[in-house]
Amino acid sequence: MNKQIIFNLPVKDLDKSKAFFSALGFSFNPQFSNESVAFMVIAEGSIHAMLMTEAFFKSLIDKPVVQAKEANEVIIALSCESREEVDRLIAKAVASGGRTPHPPEDRGFMYDQGFEDLDGHLWNLVWMAPQA
């Protein structure tokens with residue numbers, strides 16, 4: 001089996017989070033999902049996220065759950081195939097209830113913008129020029 005990235009995120013409302021990320025084009029694998037977790041496919045066979053209800057997430061740790069709208073520990077960065085894909089996904093995130101914490105940044109060789117999901121988790125979408 002090839003190595004895969006699977007990260008876990010606590011969410012307040014699993015159904016709303018699934019709808020949010022579905023609007024961005026991500027799918028869910030029902031085989032690994034139930035009423036407490038949703039296995040989100042970001043890049044088939046390589047990148048996935050387990051969206052977990054806060055109660056289930058808390059059952060796995062011995063520390064408080066960080067409220068991502070108040071503090072952040074990580075920014076999840078995803079590469080995109082073009083500047084237009086960055087802009088398209090940001091527009092979908094905002095239309096689905098997310099927000100952008102800063103305007104797009106164009107460095108010539110790299111273009112990026114971030115969004116905050118419904119629970120305050122930060123995502124950064126990045127396009128890098130092929131020659132970079």
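## A first look at this structure

The largest pocket has a volume of about 450 Å³. Of the 20 residues lining this largest pocket, P10, F57, V66, E73 and V74 are the closest to its centre. Please keep in mind that the model is predicted. Below is a short tour of the pocket, the strands and the aromatic rings.

**The largest pocket**

- Two elements, β1 and β5, each give two or more residues to the lining of the largest pocket.
- β1 gives the most to that lining, with four residues.

**The four-stranded sheet**

- Here is an open sheet of four strands, and its order reads β1-β4-β3-β2. The pairing in this sheet is mixed.
- At the edges you will find β1 (5-11) and β2 (27-29), each of which pairs on one side only.
- On average, neighbouring strands of this sheet are turned by 35° against each other, direction ignored.
- β2 and β3 (residues 37-43) run antiparallel and are joined by three bridges.
- As background, strands of a sheet pair through backbone hydrogen bonds, in either a parallel or an antiparallel way.

**Strand β5 and its partner β8**

- β5 covers residues 75-79. Its covered face holds I76 and L78, while I75, A77 and S79 belong to the uncovered face.
- β5 pairs with β8 (residues 122-128) in the parallel sense, over five bridges.
- L78, from the covered face of β5, has L125 in β8 as its bridge partner.
- β5 also turns up in the pocket section above, as one of the elements giving two or more residues to the lining.

**Aromatic rings**

- How many aromatic pairs are there? Counting ring centres that lie within 6.5 Å, the structure has seven aromatic pairs.
- F20 and F21 make one of these pairs, with 5.0 Å centre to centre and 90° between the planes. This pair is edge-to-face because its planes are over 60 degrees apart.
- F21 also pairs with F26, in a tilted arrangement with 6.2 Å centre to centre and 40° between the planes.
- One aromatic cluster brings together F7, F20, F21, F26, F115 and W123.

**A charge over a ring**

- K18 lies over the face of F28, at 5.9 Å from the ring centre.

Conventions
Residues numbered from 1 in each chain as written. Predicted model: local features only at pLDDT ≥ 70, side-chain atom pairs only at ≥ 80, totals over all residues. Heavy atoms only, no water. Phe/Tyr/Trp six-rings, centres within 6.5 Å; stacked < 30°, edge-to-face > 60°. Lys NZ or Arg CZ within 6 Å of the ring centre and 35° of its normal. Pairing = 2+ DSSP bridges. Axes fitted to C-alpha atoms, helices over the stretch in contact; angles between N-to-C directions. Buried < 20%, exposed > 50% of the residue type's maximum accessible area, 1.4 Å probe, protein only. 1 Å grid on protein atoms, 1.4 Å probe; cavity = no way out; pocket = protein on both sides within 12 Å on 5 of 7 lines; lining within 4 Å. Points joined across faces, edges and corners; volume = space filled by probe spheres on them.
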